[in-house]
Amino acid sequence: MQTKRNRPFEVRPLRIEDLELEPTCFANASDGFARMGKAAHYAQISLPGRANPVYWFRNITPEGQRWAGITELGSGPLRYQTGIHGDDIAQDRDETVPYHEVSELDPTGSEVKTSGDDGKTPAMATPDDAVSQSISSERTGALRAFEMLTPHPYCLLRFEETEDGGIRGHAVEGPEGAILDLTIEPFPYAVISHAHTAQPAPYFQVNTVVRGTFHGEPVLGLGGFDRTFVRRQIRPEESNIASPGQTSIHAAACERPVPGDKTVADQVERDYAATYRCTCALYSGIRKDGRKECVYALITGENGHGIGMYYIDGEEPIATDEVRLDAVFRPLPYMDDGTVVYIDAVWHIGPKTIHFHGRWGAKSFSYAPKLDKHGQSQCFGTWYEGDTPYRHIVSHAFNENTGEAYAERFRAMGFTVLDA
């Protein structure tokens, strides 16, 4: 693997233990023994009869749904999406079985036991339940599974361990998948980012291939899922309430802070704000020869430094903190607050050059565009690696500018920004 030494992020296969509420990869003082905070699941599919791709997005916390939408992307990179499904799919108002480990599986994928009293519907899981199930799974050697379920409107997110040590997912919207029914196959490599990087909150992202049905019609697409984690401890140097020699500050110790003190809750908010104050690109594609390839690129305050990954089947992934974006920003025409977006770009990820061309737009992923979400922009389109253009059989190319995507900020970073 081509990489800078001592980088604070990993590029490796995603494992079932990474889907725990408190993954072992973040069970250390630097990562603050982090716990799952927010999780996003998304896919882009193309359908006959629709001019633009359909986009599915579901955002959750461990406790329940946050929001979701199924939309048709805007006709052009400077236009927003058209809603297809919103109020008729599960949202934050709907009672939901929290995210938990629900069952043990035998190697064929059949359930050995479930946590629901009726043997079918998962019960509300407690931390003790999750611990006992995890111990039982380790003892028996059975495969593991995690899920979140909203009974009405019906929504299922489920991730299972496969016999070869991989992960298989399943997403269902509507009774018996009447709206959407997808199997989710992760790409071979994920980006796992630790605290104190260009992306300061512990985090992972993996691209996926999705297959199934939309409105009963067969579909094939690409997407991904990612999780942002909340640090439950902070290091003494991040707080002014630490005692001499103290190695960490736990959340419980900061429940009643003295005014002006920096607490775990304060740091969580700073982590989130800094993590989502970024310019990022998530690209994936399947070439005509069947090889899958993908890109992860992120910069925050400095163009030229960030988190970057490129992978193609048959080669070792490239992981580097040398990430640079060449792009011209322009005003988002339906916003009057200085929000800007780029519609064509070249990313440099270590030795790789990635070209992007914008074709579709959106404003957030919700059923209706979030026009009150200031300083945020998105663009979707096509991409290729290297100097010779080519087309993928199926592709996904998503770009987002968040936090403060305003003209002044990008000018200060050295980008060209066109006037309105």
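Reader: What makes the charged end of Arg 409 sit over the ring of Phe 410?

Author: In this predicted model, the charged end of Arg 409 is 5.1 Å from the centre of the Phe 410 ring. A charge sits over a ring if NZ of Lys or CZ of Arg is within 6 Å of the ring centre and within 35 degrees of the ring normal, so Arg 409 counts as sitting over Phe 410. Arg 227 likewise sits over Phe 159, 5.8 Å from the ring centre.

Reader: How many aromatic pairs are there, and why is Phe 57 with Trp 67 called stacked?

Author: There are 23 aromatic pairs. Rings of Phe, Tyr and Trp (its six-membered ring) pair if their centres lie within 6.5 Å; planes under 30 degrees apart are stacked, over 60 edge-to-face, the rest tilted. Phe 57 and Trp 67 have centres 5.1 Å apart and planes at 10 degrees, so this pair is stacked.

Reader: What makes Phe 365 and Phe 380 edge-to-face?

Author: Their planes stand at 85 degrees and their centres are 6.1 Å apart, so that pair is edge-to-face.

Reader: How do you know whether Phe 365 and Phe 380 are buried or exposed?

Author: Buried means under 20% relative accessible area, exposed over 50%, partly exposed in between (1.4 Å probe, protein chains only). Phe 365 has 8% and Phe 380 has 0%, so both are buried.

Technical notes. Residues are numbered from 1 along each chain as its sequence is written. This is a predicted model: local features need pLDDT of at least 70, side-chain atom pairs count only at pLDDT 80 or more; totals for chains, interfaces and linings use all residues. Side-chain values use heavy atoms; hydrogens and water are left out.
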